[in-house]
Amino acid sequence: MAKQAMTKHSLESQVSQLKKNVGTTNFKDLFRNYDPFFKSLKDLRDTIDDENQRLGEMDDLLQDIEDLTTRVECQKQDRNKKLIWGVTMVAMTGISFAVAFIPIVGPPLAMACSTTTTFGKAVDIWMTRRRRFKDLAMSNINHFTFLLVGKTGSGISSTANSLLKECVFKTSDKSKTKSSHVRIKKNVTIDGMNLTVVDTPGLMHTGLSSNEAKLKACNDLQEAVSKCPDQGKLVIIIVLKYGDRFTEENRTTIHILKQIFGEDNFGQSFILVVSFGDLYDLNYPDGHKFDVWLKAQTNDLGHLLSLVQYRCVKFNNICKKEKKLKIQRQKLFELANSLDYSYSKEHFHLLRKQQHRLMLEAKLSEKQAYYNLKEVEFCTKLYFIFLTTRNLNSYELLNREIGQILKEIEESDNADIIFYREGESRLFAGFQTSLEAIQRNVKREQTLVRHENEIDELTEDLNKLIEENRFDKLSHCSERFHGLLRDDISNKDLHHVTSKLKEAQLKLKEAKRDKLNLEFGAKIYTLQEDFGKINLPVSSRTFKSLRNRFDEIEQTLTTKCSNDVEGLEDLLNDVNDLKLQMNEFEEQNTKFLPKDNCSSTTWLIIAVIIVSVSIIPALVTDNSWVVFVVAVSLTVLLIKFLYSWLSQFIAKVLALRDLGVNIL
């Protein structure tokens with residue numbers, strides 16, 4: 001490769017120098033030295049051709065030389081025409097000047113001579129350009145590219161040399177192929193045909209495994225098509241050795257060609273050449289017609305002939321008679337001209353799906369072994385992680401590795417780039433299904449471990465709250481628990497950690513119980529202290545405020561107990577004891593209160609009404625009985641207050657006597 005690169009670089013420099021000389025040298029100097037310059041072009045072209053046959057990868061330089069040669073020749077023709085028309089114009093100018101003095105007809109003749117020269121030059125330029133354009137178009141129409149393919153040892157290079165009428169490509173009498181890379185001979189005129197012949201290495205290369213040979217065949221054929229010129233028609237010629245038994249290698253070769261070029265194109269762009277025609281002539285010395293022999297073929301060869309529509313030519317590559325060689329070439333050219341539809345590089349690109357399928361099949365066994373190994377490796381890793389660390393990072397790393405392999409399978413075995421028949425399974429569909437199942441198990445274990453870790457963290461946080469008696473984050477822990485509970489209900493895979501979730505639930509209940517004990521225990525203790533500070537008798541308002549506080553505590557505890565908060569028995573017992581004390585205190589306190597049916601407020605209202613009714617008439621009339629009524633009302637009111645005071649005093653004395661206190 002290094003030698004090839006150095007040689008190509010050196011030749012490119014020479015070609016660039018020639019192009020530079022053509023561009024910078026004036027026409028006079030260039031055409032004065034035309035023969036030496038043209039000879040240097042020819043020598044350089046021969047050198048590049050030899051190096052291309054020996055090293056390859058120099059077809060672009062050959063094309064540059066051909067283009068440069070055509071350019072110089074056209075410039076020479078234009079220069080010669082310019083000189084000729086210059087001399088012609090000088091001569092016609094002299095003639096015009098001479099005839100101008102002839103009476104009557106002189107001036108018209110002079111004008112005709114001048115006009116004829118100008119018109120003739122324009123017509124000549126137009127015809128020259130038209131001819132060049134027509135030659136270019138005809139070269140595209142009559143230009144054929146013969147791409148020779150076949151199994152190793154079928155005589156591909158020998159057939160190519162027979163077409164070119166010279167030994168351009170090296171051949172070998174052995175079954176091993178002599179060609180190791182694609183070789184090409186461009187723009188050769190043979191029997192009136194403008195040809196480009198592409199010699200390819202034999203398919204199913206000897207010395208390589210089946211898969212390696214398939215892969216090399218795909219690469220060689222793609223390289224061969226890429227080197228074919230864009231103009232003209234591309235004809236694929238399958239070279240088949242006469243008498244060669246149709247082995248599995250032949251079938252594989254035909255399969256490769258179908259995948260690369262498309263089976264439908266066999267009947268439109270393919271020609272079959274049966275090489276070693278001398279063996280056929282020895283086998284049929286009586287002159288058995290070759291066409292009859294073709295029609296009699298069955299099995300694999302018959303199928304191949306039907307695919308190419310029996311377009312087949314027999315070639316005797318060792319024949320020395322030019323007449324016979326020309327006849328077999330003419331038969332091949334006639335078949336090529338009869339093709340209504342020729343294969344092109346554009347069509348080749350449209351069959352990329354089939355080409356990718358073939359390249360994938362060439363690597364199938366290698367890929368299958370690789371994916372089998374990866375499947376076993378992933379299963380082993382998953383089992384090892386499950387038995388040892390059960391670490392989330394390990395699961396994540398394994399998940400990424402499986403994802404990379406699945407992505408690789410999707411990219412290499414994608415129905416968008418690989419040809420598949422309708423209903424046909426993808427080549428690596430089984431591996432993809434297995435790896436996806438392993439990935440699901442990894443994600444399942446990953447989710448399970450993450451769920452377990454979250455439960456353990458929650459349980460640890462609850463234990464910390466219980467130990468420190470700090471319940472400010474209890475509501476957050478409760479939300480976390482309910483989130484885990486929802487996940488457990490929605491995901492059946494998480495049912496394996498239900499026992500841990502129940503343990504966390506017990507811890508949550510314990511924390512709630514401790515929080516209530518701490519909170520309401522303080523409230524009950526404060527209420528008990530406040531209750532202990534009051535003495536008999538006490539006002540109804542004071543006792544009612546204590547009773548309201550007690551009712552609030554009792555109601556809250558009852559609600560908490562109904563919400564399945566267990567372990568509040570001590571608080572409830574304290575509440576019941578306090579309730580009994582308060583009821584007893586209330587009973588004793590009622591003994592200090594008067595028990596009449598009419599309250600002091602009622603008596604006061606009655607007295608005010610009587611006084612008001614008495615005063616109003618007194619203001620209007622001057623009657624003495626009004627004064628009497630007022631006096632009676634004031635007396636009644638005084639008696640009522642005196643009665644109330646005496647009743648309360650007697651009740652207190654009796655109540656204190658019941659308690660063992662003697663105030664008299």
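The following is a conversation about a predicted model of one protein chain.

Biologist: What should I know about the model before we start?

Modeller: It is predicted: local features need pLDDT of at least 70, side-chain atom pairs count only at pLDDT 80 or more, and totals for chains, interfaces and linings use all residues. Residues are numbered from 1 along each chain as its sequence is written, and side-chain values use heavy atoms, with hydrogens and water left out.

Biologist: How many helices and strands does the chain have?

Modeller: There are 24 helices and six strands. Both are DSSP runs, numbered from the N terminus: helices are H or I with at least four residues, strands are E with at least two.

Biologist: What makes a residue count as buried?

Modeller: Buried means under 20% relative accessible area; exposed is over 50%, and partly exposed lies in between (1.4 Å probe, protein chains only). Of the chain's 664 residues, 37% count as buried.

Biologist: Why is Glu445 called buried?

Modeller: Its relative accessibility is 9%. Buried means under 20%. Glu445 therefore counts as buried. It is found in helix H18.

Biologist: Which residues does Glu445 touch?

Modeller: Leaving out residues up to four places away in sequence, Glu445 touches Leu382, Phe386, Arg390 and Tyr395. Contact means heavy atoms within 4.5 Å.

Biologist: Why are H16 and H18 called roughly parallel?

Modeller: Helix H16 covers residues 364-387, and helix H18 covers residues 429-468. Their axes come within 11 Å and cross at roughly 15 degrees. Axes are lines fitted to C-alpha atoms, for helices over the stretch in contact, and angles run from 0 to 180 degrees between N-to-C directions. Angles under 35 degrees count as roughly parallel, over 145 as roughly antiparallel, 65 to 115 as roughly perpendicular and the rest as oblique. H16 and H18 are therefore roughly parallel.

Biologist: Which residues make that contact?

Modeller: From H16, they include Tyr371, Phe378, Leu382 and Phe386. From H18, they include Phe431, Leu435, Ile438 and Glu445.

Biologist: What is the hand of the crossing of H16 and H18?

Modeller: H16 passes H18 in a left-handed crossing. A crossing is left-handed if the near helix is turned anticlockwise from the far one by less than a right angle, and right-handed if clockwise.

Biologist: How do you know that H18 is roughly parallel to H20?

Modeller: H18 and helix H20 (residues 498-533) pack at an angle of about 20 degrees, with their axes 9 Å apart. That angle makes H18 roughly parallel to H20. The crossing of H18 and H20 is left-handed. Among the residues that meet are Ile455, Leu458 and Leu462 in H18, with Leu501, Ala504 and Leu508 in H20.

Biologist: Which residues does UniProt list for "coiled-coil region"?

Modeller: The unreviewed UniProt entry lists residues 41-78, 441-468 and 494-521. UniProt positions use the numbering here, feature names are shortened, and annotations may be inferred rather than shown by experiment. In the model, residues 441-468 are 100% helix and 0% strand, and the end C-alpha atoms of that span lie 40 Å apart.

Biologist: What is the order of the strands in the sheet?

Modeller: The six strands form an open sheet in the order S2-S3-S1-S4-S5-S6, with mixed pairing. Two strands pair if DSSP finds at least two bridges between them. S2 and strand S6 (312-314) are the edge strands, as each pairs on one side only. From one strand to the next, the twist averages 25 degrees.

Biologist: What lies between S2 and S3 in their hairpin?

Modeller: Two residues lie between them. Asp191 in the turn has a positive phi of about 50 degrees.

Biologist: How do you know that S1 is mostly covered?

Modeller: S1 spans residues 143-150, and eight of its eight residues are buried. His143, Thr145, Leu147 and Val149 point one way, while Phe144, Phe146, Leu148 and Gly150 point the other. In a regular strand the side chains alternate between the two faces of the sheet. S2 is mostly covered too, with six of its eight residues buried.
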